[in-house]
Amino acid sequence: MALSASDLPAMFSLLTNSLSGDESVRKPAEAALSQSEARPGFCSCLMEVITAKDLAPHVDVRLMASVYFKNSINRYWRHRRDSSGISNEEKLYLRQKLLSHFGEENYQIAQMLAVLVSKIARIDYPREWPELFSVLAQKLQSADILSSHRIFLTLFRTLKELSTKRLISDQKNFAEISARFFDYSWHLWQTDVQTLLHGFSTLTQSYNSNTLEQHHDDLYLTCERWLLCLKIIRQLIVSGFPSDAKCVQEVRPVMEVSPMLLNAIQSFLPYYSSFQKGHPKFLDFLKRACTKLMKVLIALQGRHPYSFSDKCVLPTVVDFCLQKITDPDPDVLSFEQFLIQCMVMIKSILECKEYKPSLTGQVMDENGVTLEQMKKNISGAVSGILTSLMTSERIIVLCNTLIRRYFVLTTSDLEEWYQNPESFHHEQDMVQWTEKLRPCAEALYIVLFENHSQLLGPVVVSILQEAMNGCPSSVTEITPGLLLKDAAYGAAAYVYYELSNYLSFKDWFNGALSLELSNDHPNMRIIHRKVALILGQWVSEIKEDTKRPVYCALIRLLQDKDLSVRLAACRSLCSHIEDASFSEGEFVDLLPICWDSSFRLIEEVQEFDSKVQVLNLISVLIGHVTEVIPFANKLVLFFQKVWEESSGECLLQIQLLIALKNFVVALGYQSPLCYNILLPVLQKGIDINSPDELNLLEDSMLLWEATLSQAPSMVPQLLAYFPCLVEILERSFDHLQVAVTIIEDYIILGGSEFLSMHASSVAKILDLVVGNVNDRGLLSTLPVIDILIQCFPTEVPQLISSALQKLIVICITGADDRDPSKATVKASSAAILARILVMNTNYLAHLTSEPSLLLLLQKSGVPIEENILLSLVDIWLDKVDNVSSVQRKTYGLALSIILTLRLPQVLVKLDQILSVCTTVILGGNDDLVEESRLVPM
């Protein structure tokens with residue numbers, strides 16, 4: 001039954017109750033709303049609740065109504081087979097209602113209404129809603145400031161939604177929208193810029209006036225509308241035109257818009273200091289506006305690099321950004337987000353492959369200039385412009401500025417470090433480079449050095465030398481010289497791969513770095529942390545004669561009093577131990593201190609990332625050093641404690657599982673030493689009913705396999721875990737490869753005891769896998785069947801008769817001439833059946849005469865014209881040259897048994913059978929065939 005206007009009070013009551021903190025009130029309301037979702041008129045009732053003037057104060061209820069409306073669009077707007085959905089009449093009403101409500105005063109509600117329009121437009125535009133944009137354009141002509149803001153909010157949301165549609169027809173529609181709306185949006189944006197600048201000028205002259213409060217509100221609304229208009233312009237240019245990097249077609253709006261955006265930034269920035277004194281709301285807007293303007297310029301350059309390289313755009317943008325980075329006004333220096341965007345812009349330009357000259361020669365086409373030649377011509381021209389802009393002097397100044405100004409730790413940095421060294425380490429170490437000024441400066445510096453290493457190598461060495469001379473290792477006060485040395489050390493660390501041509505690590509280490517560690521003053525943590533970073537970054541440049549002192553230095557840093565220094569040393573130690581040239585002999589006597597320091601560190605750190613980092617070091621140590629057994633008891637206690645403390649932290653538990661696997665492998669046949677911790681952890685990890693199963697299963701399976709492969713004997717607990725493998729494979733074959741190895745381990749390690757206890761589970765797994773996996777999966781499983789038959793030739797064949805029947809069907813059905821994987825599956829399956837004939841002759845004869853097998857063959861469409869056993873003989877003869885030497889011998893033995901049958905059909909094939917048997921006996925081709933398998937075809 002359809003909902004109508006009379007249901008509005010009940011709908012409002014349900015929405016109100018759905019917000020209640022009382023579960024007994026909320027749950028029935030949510031259930032009633034859920035039942036009403038599919039009823040006709042539900043969305044119309046919600047729309048009335050959202051837009052009713054008398055309900056305006058009930059913002060929370062209206063927001064909840066808009067959420068239900070949005071969910072209904074996702075579920076019922078498209079016609080579905082299992083639901084009648086929303087009728088076309090109701091859709092028409094809702095679309096009209098949405099486009100008539102642009103006077104919403106509450107911003108949150110207005111935002112949700114814009115989202116609703118965008119969600120419907122994604123489905124209905126342009127077929128069912130062709131008038132959408134023309135209605136919006138028409139309403140803009142007569143809208144007041146509030147309404148125009150709401151219309152632009154709706155436009156922005158809708159364009160953003162439509163720009164994500166990737167079909168060619170959708171992109172064509174978006175290009176048409178861009179062509180229609182760009183000029184109007186751009187004209188309005190330019191007009192609003194002048195309005196804003198006039199308003200800002202008035203603001204700076206009227207600090208304490210209350211008469212202009214309404215004017216301020218209107219101006220702020222214009223500011224927000226202007227910002228939305230800017231976002232729309234960005235969307236229209238970025239998504240409304242194909243990238244000129246592909247089509248090499250000039251995008252005119254880029255060249256028109258970019259200079260004006262830059263002018264707007266230059267016009268806004270002077271008000272930055274003025275608004276700091278008394279207009280926090282407009283100061284916040286100014287920050288957002290300037291940052292967004294730079295982001296738009298970056299987006300335009302990234303999407304349309306060739307158009308952006310126009311002589312009226314690229315030179316002015318580069319000049320502006322370089323000037324703001326190297327010589328900013330005092331106010332701008334505190335405007336970090338803006339400086340970050342200037343750095344991102346320069347970095348993007350330096351990295352842009354379209355601006356780099358091609359190193360390949362040009363091949364002239366007699367039919368004219370090709371697309372690639374056009375790109376090369378433009379790239380060459382732009383490269384020349386950049387070379388003239390980025391002079392050697394400018395590059396050196398930029399490099400110096402980045403190191404001397406932006407790399408240097410600030411007072412707030414040092415305070416943050418002092419308050420929480422662990423948090424400081426992770427923020428400096430793992431923060432997204434576009435979020436903080438120093439990481440962004442470091443990223444720009446690295447790119448700058450890569451592009452100009454020959455020019456900047458001596459410059460960086462000179463800064464490094466100056467910093468070391470100006471601040472000896474005996475200094476203890478935090479002076480500008482100490483902070484510059486920290487910055488210079490960082491600069492040398494980040495570009496080790498190029499700087500090694502200008503700086504000898506051995507001399508640097510012996511002459512400076514090692515001396516820094518002799519000063520234990522608390523303030524030296526600044527330098528110690530950077531030394532730890534250098535030792536990790538320069539690992540590839542450290543020669544044999546320097547390894548030992550470097551290892552000793554890192555172990556010393558791992559025992560530092562400051563957590564940030566110790567965590568930096570922890571990461572650098574990982575780099576050294578994982579390095580291909582790691583010298584265990586030079587490190588072995590340091591192991592006891594290293595283990596103890598790592599154990600203490602993981603107890604002291606609090607943050608999740610820190611624990612993972614230390615655990616990774618322990619895991620790497622276990623995996624790369626041979627002296628693990630003497631520390632086994634300590635490691636067992638360590639794993640026990642950390643596992644108990646890691647409850648609910650899946651990522652940490654994954655690292656623990658990896659470390660435990662390395663530990664088990666390192667212990668080898670002495671792995672039972674860790675069973676007290678290992679077996680409970682393993683039991684939890686392979687339990688598919690565990691809440692953490694989704695995250696832990698893969699690594700738990702690998703740990704399970706390592707445990708079995710290293711076990712000296714089977715223990716009851718491991719035997720009891722096998723049924724878990726059935727549950728895992730019943731759910732999916734994602735872990736089939738590891739599961740196969742686990743089964744093999746159980747067969748070999750558990751022997752008769754395993755088979756007697758889990759025979760039905762083995763049969764169930766094989767029946768589940770054979771016939772239900774692809775050729776690759778089957779090829780990995782067949783060795784398990786082969787091993788089972790070898791170990792238990794009497795018991796196993798009848799136990800796995802269902803899987804064996806499927807193998808017979810695989811052998812007899814279908815041609816495999818054009819599919820190597822199917823041919824291999826067929827040959828390997830036939831080898832297993834041959835082995836059964838050799839080791840349990842009577843059973844194969846019984847199996848091939850089973851009615852269930854005949855029925856299975858009929859279902860597979862195989863005509864049964866002769867004895868199945870004789871069909872297998874044909875396969876053995878046909879595949880004998882396509883199998884391994886062991887399988888060939890099995891074929892030969894099976895064929896020799898067939899000869900004893902003295903059947904006429906066998907005698908016809910006597911020459912072939914004797915040929916195979918004599919070849920196997922003589923073994924003349926074994927080595928040749930095995931070698932040929934190593935040669936790629």
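## Helix packing and confidence in a predicted model

Helix α7 passes α8 in a left-handed crossing, that is, the near helix is turned anticlockwise from the far one by less than a right angle. The contact (heavy atoms within 4.5 Å) involves L132, F133, L136, K139 and L140 of α7, together with S148, I151, F152, L155, T158, L159 and L162 of α8. These residues comprise nine nonpolar, two polar and one charged. Here Ala, Val, Leu, Ile, Met, Phe, Trp, Tyr, Cys and Pro count as nonpolar, Asp, Glu, Lys and Arg as charged, and the others, Gly among them, as polar.

The model is predicted: local features need pLDDT of at least 70, side-chain atom pairs count only at pLDDT 80 or more, and totals for chains, interfaces and linings use all residues. Residues are numbered from 1 along each chain as its sequence is written, and side-chain values use heavy atoms, with hydrogens and water left out.

The predictor's confidence in each residue, pLDDT, runs from 0 to 100. Its mean for the protein is 89, and 95% of the residues reach 70 or more. The table gives the helices with the lowest and highest confidence.

| Helix | Residues | Mean pLDDT |
|---|---|---|
| α51 (lowest) | 926-934 | 46 |
| α20 (highest) | 392-406 | 96 |

Over residues 927-937, pLDDT stays under 50, and the model has seven contacts for them beyond four places in sequence.

S583 lies in the loop between α30 (563-578) and α31 (584-587). S583 counts as buried (under 20% relative accessible area, with a 1.4 Å probe and protein chains only) because its relative accessibility is 14%. Leaving aside residues up to four places away in sequence, S583 touches E544, K547 and Y551.

Definitions and conventions
Helix = DSSP H or I, 4+ residues; strand = E, 2+ residues; numbered from the N terminus. Buried < 20%, exposed > 50% of the residue type's maximum accessible area, 1.4 Å probe, protein only.
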